[in-house]
Amino acid sequence: MLASPAIRRFAALPLFVVAVALVATVGSLASANASSDYLALAKPGWAPPAWLFGPVWTLLYGMIAVSGWLVWRVRGWTPALGVYAVQLVLNAAWTPFFAAGQYGLAFGGIVLLWLAIIVNVVAFWRLRRSAALLLMPYLLWVSFAAALNAAIWQLN
């Protein structure tokens, strides 16, 4: 028996959720002690409280997964999804550097991530605008995180 078109449309969504969950898991494992470390850092007055990062990233990761899936539904695997994969890898790579106190390396990594997200948004815009728009809060948060990373690097 063949799956209905509706089932086939949603079949790949769990794969995108798993891919993004793997990135989140790397970040979570790398930052297991980050809350106490973050509290001990010299931070600018505009730094958010440590408890805010988990809920924000959870929401963003959900949007990132749906965004990739929406583009996949348009054409399957495309170069735009290659860019998507690159930004996921850069996302996963940033946290271990920051959690290890390598703020300069982390800043370089987050700048690369920021650039990759911009390229990702442009590539997705051409295929599915709603997918690109789902990445905009992610771009804004990473922009803020880059500024925070730079400030922490300078203060510590």
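Start by selecting Leu90, which lies in helix α5 (helices, H or I of at least four residues, are DSSP runs numbered from the N terminus). The model is predicted, so local features need pLDDT of at least 70 and side-chain atom pairs count only at pLDDT 80 or more, while totals for chains, interfaces and linings use all residues. Residues are numbered from 1 along each chain as its sequence is written, and side-chain values use heavy atoms, with hydrogens and water left out.

Leu90 has 22% relative accessibility and therefore counts as partly exposed (between buried, under 20% relative accessible area, and exposed, over 50%, with a 1.4 Å probe and protein chains only). Leaving aside neighbours within four places in sequence, show Leu112, Leu113 and Ala116, which Leu90 contacts (heavy atoms within 4.5 Å).

Next, select α2 and α4. Their axes come within 9 Å and cross at roughly 140° (axes are lines fitted to C-alpha atoms, for helices over the stretch in contact, with angles from 0 to 180 degrees between N-to-C directions). On the α2 side, display Leu13, Phe16, Val17, Val20, Val23 and Ala24; on the α4 side, Tyr61, Ile64, Ala65, Gly68, Trp69 and Trp72. These contact residues comprise 11 nonpolar, one polar and no charged (Ala, Val, Leu, Ile, Met, Phe, Trp, Tyr, Cys and Pro count as nonpolar, Asp, Glu, Lys and Arg as charged, and the others, Gly among them, as polar).

Finish at Tyr84. Not counting residues up to four places away in sequence, Tyr84 touches Phe16, Val20, Ile64, Ala65, Gly68, Asn120 and Phe124.

Methods
Helix = DSSP H or I, 4+ residues; strand = E, 2+ residues; numbered from the N terminus.
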